[in-house]
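Hi,

Here is the structure I said I would pass on.

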Amino acid sequence: MIFMAKKAFKAESKRLLDMMINSIYTHKEIFLRELISNASDALDKLYFKSLTENLGIERKDLGIDLAVDKDNRLITITDNGIGMTKDELENNLGVIANSGSFKFKNDNTDTEKDDINVIGQFGVGFYSAFMVASEVTVESKAYGSEQAYKWYSQGVDGYTITDCDKEDVGTKITLKIKENTEEEEYDEYLQDYKLRMIVKKYSDYIRYPIRMEVSHQHLKEGTENEYETHTEIETLNSMVPIWNKSKSELKDEDYNQFYKEKFFDYDDPIAHIHTKAEGTATYNALMYIPSKAPFDYYSKDYEKGLQLYSNGVLIMDKCPDLLPDYFSFVKGLVDSADLSLNISREMLQHDRQLKIIEKSLERSIKNELTKMLRNDRERYEKFWKVFGLQIKFGVYNGFGAGKELLKDLLLFYSSYEKKLVTLEEYVSRMKEDQKYIYFASGETVDKIDKLPQTELVKDKGYEILYLIDSVDEFALQMMVDYNEKQFKSVSAGDLDLETPEEKEEMKAKAEESKDMFAFMKDSLGGKVKDVRLSKILKSHAVCLTSDGLLSIEMEKVLSQMPAEHDAKAEKVLEINAEHPIYETLKKLYETDKDKLKTYSEILYDQALLVEGMPIEDPVEYSNKICSLMV
Ligand SMILES: Nc1ncnc2c1ncn2[C@@H]1O[C@H](COP(=O)(O)OP(=O)(O)OP(=O)(O)O)[C@@H](O)[C@H]1O
């Protein structure tokens, strides 16, 4: 019997290993990602050696094999890479947090990126094997060595290294999978389908084939219901990430196909964005704008984020830091080699890098949308219909931080064009004497079109933007102006549309009716801030406008939110001096103040109805109208 000295892991390594097994990773399944990444690194190293020393080994000769032996609860991962000498086994696997790969990368910094793609950097990934295995055996033969060695460990106790027989160069790692416990079902790691799924999920873009013997059931020839099992070696991974291919190699169908498979959508996306960046941040990104919003998109359950890869290995499935909220609908992935990951690869160390990438992606998305808006309006409007609301929220949220970026992506319905227009288009059509960008709010385009307040502005030949989403007015208020043109609600009361003569005339009339309006205001018992002569009505008798920042439309929106239900607009009841009702009111002020009080109440309720607001007492209102009729 050969005496095998069992070596203990270094003291601090012991604690680290314990921590490793129990707490660094949240998903046990990543052990396979780590071991495959190590194998891929070992293949890269050998390939690199072959290139630099002319060994004649080609990429196609290199690969990784997975095998499962269910009966003995074993999984093996074999690579024909660079292998490890006895010393390397000792140093790389006996000292936790000692990365041979990191050293290799540092020693070869001037190498062409494409030739070398080494993943490891911390020297801990290997130990994740102990999350699922009770015993780990590593048999390795280094390139150029005659002798192979076996490293064996059952975990924290330590490890042994002995000579062993191994014909081929490379490394074979055997895991003895733990028995099931109450909390954890380890058996599933012995299932073909589970291993395939894990490989697909995390290691699909490893550049070497990951092969496994897979069994399929076939109908036995000449029979109707007898099946036979047929096994074959399959390559599980796609190897070349589509995002690493050049754009000229790819057609729309390729992009769409990839999107549908990867992001489980039945429909083609509206657009894809494929970008590469080098410099402050180096990455490849492939992003998509879906054609439909996910069912939970406008709810708090929706999680934004892009997949994050480091050298083709999945690090995070939904990295929220890569997308600003206003582009949260974007799906896709980013692959970057220069992320500084923390040991578990589950969290990223510096969000500074992510911030740089986010800013750069944000620009790419904005550019794509701008291009679509300019060159394919129909498609953009399709996008707008689904995600426009999010863009408008983006203008409003964060105290308007996104408004500069987003202002040219906005679309609103135009009274003049009778379709959606951009602010740029609106401003380019503004009349010479037009000071403001006018807007009117309401429930639907039709209802807004009939609002008394819009009549005079339209008559002047000015275009009005019709705002039908509750966030619209808030967004415009946050913007304040667009290219120095201020926004003005047609319900703002003072639109400054009159000629100087008209102004004089109004002033005289207002003076003459001052007392009457004061009486009417009192009659309404504090419901309005003021009763005034209208400067904006043309043929209609009355309307409501508001003073101050909160418009009537905003009050409506806020009243639907429980927390802010008592925010009220400062309402002004406006009376049209050109309407016959004005003379009637004047007469009543002289002759019958009680009736004037009733009329004031009716007119106020009518103005509310026109505005689409509820009236306080509909029965009372109806009674008042009826008594006028009989
Ligand atoms: N299959 C293998 N073939 C050759 N060397 C290997 C193999 N697996 C591991 N090694 C060596 O062991 C070292 C430690 O591996 P480990 O997975 O713990 O860390 P790493 O891959 O360097 O970094 P990370 O913690 O980021 O995974 C590697 O750097 C590598 O030198």
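Phe 258 is buried, with a relative accessible area of 11% (buried means under 20% relative accessible area, exposed over 50%, and partly exposed in between, using a 1.4 Å probe and protein chains only). You'll find Phe 258 in helix α6. Helices here are DSSP runs of H or I with at least four residues, strands are runs of E with at least two, and both are numbered from the N terminus. Setting aside neighbours within four places in sequence, Phe 258 is in contact with Tyr 205, Ile 242, Trp 243, Leu 286, Tyr 288 and Leu 333 (contact means heavy atoms within 4.5 Å). Asp 268 is 10 residues from Phe 258 along the chain, and their C-alpha atoms are separated by 9.9 Å.

Before you go further: this is a predicted model, where local features need pLDDT of at least 70 and side-chain atom pairs count only at pLDDT 80 or more, while totals for chains, interfaces and linings use all residues. Residues are numbered from 1 along each chain as its sequence is written, and side-chain values use heavy atoms, with hydrogens and water left out.

**The whole chain**

The protein chain has 19 helices and 22 strands. Of its 630 residues, 50% count as buried. If you take the contacts with a separation of 6 or more, 69% of them come from residues 24 or more positions apart.

The chain is divided into domain 1 (14-235), domain 2 (242-375), domain 3 (387-489) and domain 4 (500-548 + 565-629); these bounds come from an automatic or database domain assignment. The centres of domain 2 and domain 4, taken over C-alpha atoms, are 56 Å apart.

**Helices that pack together**

Two packed helices are described by the angle between their axes and the distance between the axes. The axes are lines fitted to C-alpha atoms, for helices over the stretch in contact, and the angles run from 0 to 180 degrees between N-to-C directions.

Start with α18 and helix α19 (residues 618-629), which pack at an angle of about 120° with their axes 10 Å apart. That angle makes α18 oblique to α19 (under 35 degrees counts as roughly parallel, over 145 as roughly antiparallel, 65 to 115 as roughly perpendicular and the rest as oblique). The crossing of α18 past α19 is left-handed, a term for the near helix being turned anticlockwise from the far one by less than a right angle, with clockwise giving right-handed. On the α18 side, the residues that meet α19 include Thr 598, Tyr 599 and Ile 602. Their partners in α19 are Tyr 621, Lys 624, Ile 625 and Leu 628.

Next, helix α15 (residues 514-523) and helix α17 (residues 580-591) pack at about 85°, with their axes 10 Å apart. So α15 is roughly perpendicular to α17. Here Asp 515, Met 516, Phe 517, Phe 519 and Met 520 in α15 meet Tyr 582, Leu 585, Lys 586 and Tyr 589 in α17.

Then there are α2 and helix α5 (residues 192-203), whose axes come within 9 Å and cross at roughly 65°. This crossing is right-handed. Ile 30, Leu 32, Arg 33 and Ile 36 in α2 meet Leu 195, Ile 198, Val 199, Tyr 202 and Ser 203 in α5.

**A serine in α18**

Back in helix α18 (residues 593-611), have a look at Ser 600. Ser 600 counts as buried because its relative accessibility is 0%. A polar atom of its side chain lies 2.7 Å from the backbone oxygen of Leu 596. Not counting residues up to four places away in sequence, Ser 600 touches Met 520, Ser 523, Leu 524 and Leu 573.

Gly 81 lies in the loop between β2 (74-79) and α3 (86-94), and with a relative accessible area of 0% it is buried. Gly 81 and Leu 46 are 35 residues apart in sequence, yet 5.5 Å apart in space, C-alpha to C-alpha. Leaving aside neighbours within four places, Gly 81 is in contact with Ala 42, Leu 43, Leu 46, Val 169 and Gly 170.

Asn 54 sits in the loop between α2 (30-53) and β1 (64-69). Its phi is near 55°, a positive value in a residue other than glycine. Asn 54 counts as exposed, at 71% relative accessibility.

Met 239 is in the loop between β8 (227-235) and α6 (252-262). Met 239 is not a glycine either, and has a positive phi of about 70°. With a relative accessible area of 24%, Met 239 is partly exposed.

Cheers

Conventions
Polar contact = N/O pair within 3.5 Å; in protein donor to acceptor, adjacent residues only side chain to side chain.
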